[in-house]
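Here's a quick briefing on charged pairs and aromatic rings. Have a look at the model first, then come back for the notes.

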Amino acid sequence: MKPIEQHSIEQLFTEARTYSHWQDRGIAADTLRQLYQLAAMDPTSMNAHPGRFVFLTTPASKQRLLPALAEGNRDKTLSAPVTVIVAHDPTFYRHLPELFPHMDGAEKMFADNEELSNSTAFRNGTLQGAWLIMAARALGLDCGPMSGFDNGKIDDIFFAENGWQSNFLINLGYGDQDALYARGKRLDFEEACLLL
């Protein structure tokens, strides 16, 4: 592999921002499908892919989400073209015979160990959510990832039937740059890293 060009680094990293205000532009369903297909190329333990994504694209679906949101997150979520519930399936291992076929019985390792299953689903589902953000940026979309909601309420509202568990939310769209704050400081390498 070769390093990507500077403009791509800027789009994915150095010029990308977290948005709370949005232009009045929708996102096509085909773009959301392409977004998932890119994000699904992410690395996960044993190719388990426990991440699950619910794309809320209509006012009615956003209204279902509203009772779970903190007050400060309501307006930005209602105005975003799409809100994604990033979740994970605690019983992801049911798909391992298909996703990880070269290890017979891989699913039993998780089915017989709830702690391992839960930690693997949460960790890898979180990783998949991060990849979804990067895939969205690669497609020219802006993101507003957030917590500030009641996970239990979201799970009751959206996942009572399938048992998925919510992790965090991502608002997607085309951000309003005029409404951005100045970029927040980051920790220096020496503050955040050890070079051993």
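Let's start with Lys185, which is exposed, at 68% relative accessible area (buried means under 20%, exposed over 50% and partly exposed in between, with a 1.4 Å probe and protein chains only). Lys185 pairs with Glu191 in a salt bridge, their closest N and O atoms 3.8 Å apart; the term covers a side-chain nitrogen of Lys or Arg within 4 Å of a carboxyl oxygen of Asp or Glu. Keep in mind that this is a predicted model, where local features need pLDDT of at least 70 and side-chain atom pairs count only at pLDDT 80 or more, while totals for chains, interfaces and linings use all residues. Residues are numbered from 1 along each chain as its sequence is written, and side-chain values use heavy atoms, leaving out hydrogens and water.

**Salt bridges**

- The structure has 4 salt bridges. As a general point, side chains of opposite charge can pair when their charged atoms come close.
- Arg74 and Glu71 make a salt bridge through their side chains, at 3.4 Å from N to O.
- Both Arg74 and Glu71 belong to helix α4, residues 71-79, and sit 3 residues apart, about one turn of the helix. Helices here are DSSP runs (H or I, at least four residues), numbered from the N terminus.
- Glu71 is exposed, with 60% relative accessible area, whereas Arg74 is partly exposed at 26%.
- Asp89 is a buried residue, at 1% relative accessible area. Its salt bridge with Arg94 has the closest N and O atoms 2.9 Å apart.
- Asp89 and Arg94 also belong to a network of salt bridges that takes in Arg52.

**Aromatic pairs**

- Searching the whole structure turns up 6 aromatic pairs. Rings of Phe, Tyr and Trp (its six-membered ring) pair if their centres lie within 6.5 Å; planes under 30 degrees apart are stacked, over 60 edge-to-face and the rest tilted.
- Phe159 and Trp164 form a tilted pair, because their planes meet at 50°, with the ring centres 5.6 Å apart.
- In that pair, Phe159 is buried at 3% relative accessibility, while Trp164 is partly exposed, at 21% relative accessible area.
- Phe92, Tyr93 and Phe110 are joined into a cluster by ring pairs.

**A charge over a ring**

- Arg25 places its charged end over the ring of Tyr174, 3.7 Å from the ring's centre. To count, NZ of Lys or CZ of Arg has to be within 6 Å of the ring centre and within 35 degrees of the ring normal.

Definitions and conventions: Helix = DSSP H or I, 4+ residues; strand = E, 2+ residues; numbered from the N terminus.
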